[in-house]
Amino acid sequence: MDTLTRIRAFIDVVDAEGFSAAGRRVGRSKALLSKYVRELEDELGALLLNRTTRQFSLTEAGHLYYRTASDILKEIDNLADLVRAGNADLKGRLRISVPRTFVDAEIGRSLIDFNLAHPDLSLEIISDDRFVDLVEEGYDVAIRITKLEDSTLIARKLDDFEICFCATPAYLARYGPFAHPSDLSRVPCILDTNGRSYSNWRFLDGEGQSFSVPVSGPIEVNSPLAALRAAEAGLGVTSLPDFIARPKIEAGILVPLFADFTPHDRGIYAIYPHRRYLPAKVRTFVDFLHGWFRKRTEP
């Protein structure tokens, strides 16, 4: 029996949290999996699992071996995917972390179009505004709408993204005009609490220096769509993703503010873990979304 089979057995047992559960999951007997793990321990000369009649736990060596062996097997499986990719349609499951803002907006259509193009690949789309840990939580890829910061992850830009500050014409007639972003500190604003500094809106001056303006108002909500509705009702100035605000601005329902002070350092990115052999399903997904956004912005 080769070492790779023993390693897979060990990882299956740890992932399933037991020999019996692992046997049911992979279609092998509990006795056979126990034999493989014992042979692996004999080969290594180290105990990987502490076994009792009711449960087991990883030893210190087991923890180290599990983390490293899992990465190695992923690379082997990913390499196999790359070889098969040119000869077969994509199959399996792709686990994606996506902000609710993305899913609920028109650009969320990109995920549906991808699935239509690859019907044999199942998408598990988890809509969550927090920054998930892709490796620890088992995600294949994440979509992030942000200012990109240093990371051990790989990022590919899909599209430009800006925050748009806007209000209704009636609101501006009542509280305006505004000569400078600092004027916002004295008027009602609608706050989207998804932002890291949601009550201190960031701008750039004429020399490119960043400054912030403290804002407050009648509504704080963790949904840009709810903030949009509040702004449409005339309750205040709000900050919205440009892909949500644009249709309302084009229709004359909202008026953009402070375009000369708006930062241009953000984007929509596909983020995935650094791997030597990128899974074909991840590579195809990211390539598709990149092309989808390019077509969307073509004249």
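**View 1. Gln209 and its contacts in a predicted model.** Leaving aside neighbours within four places in sequence, Gln209 is in contact with Phe203 and Leu204 (contact: heavy atoms within 4.5 Å). Gln209 sits in the loop between strand E9 (200–204) and strand E10 (210–214). Strands (E, at least two residues) and helices (H or I, at least four) are DSSP runs, numbered from the N terminus. Is Gln209 buried, exposed or partly exposed? Gln209 is partly exposed, because its relative accessible area is 47% (buried is under 20%, exposed over 50%, partly exposed in between; 1.4 Å probe, protein chains only). The C-alpha atoms of Gln209 and Phe261 are 9.9 Å apart, and the two residues are 52 apart along the chain.

**View 2. An open sheet of five strands.** The strand order is E4-E3-E5-E14-E6, with mixed pairing. Two strands pair if DSSP finds at least two bridges between them. Strand E4 (121–127) and strand E6 (154–161) are the edges, each pairing on one side only.

**View 3. Strands E5 and E14.** Strand E5 (residues 141–146) and strand E14 (residues 266–272) run antiparallel, joined by five bridges. Ala142 has Ile271 of E14 as its bridge partner.

**View 4. Helices on the sheet.** Helix H6 (residues 109–117) packs on the sheet and touches strand E3 (92–98) and E4. The directions of H6 and E4 make about 165°. Angles run from 0 to 180 degrees between N-to-C directions, with axes fitted to C-alpha atoms, for helices over the stretch in contact. Helix H10 (residues 280–297) lies across E3, E4, E5, E6 and E14, at about 15° to E6.

**Notes.** Residues are numbered from 1 along each chain as its sequence is written, and side-chain values use heavy atoms, without hydrogens and water. In this predicted model, local features need pLDDT of at least 70 and side-chain atom pairs count only at pLDDT 80 or more, while totals for chains, interfaces and linings use all residues.
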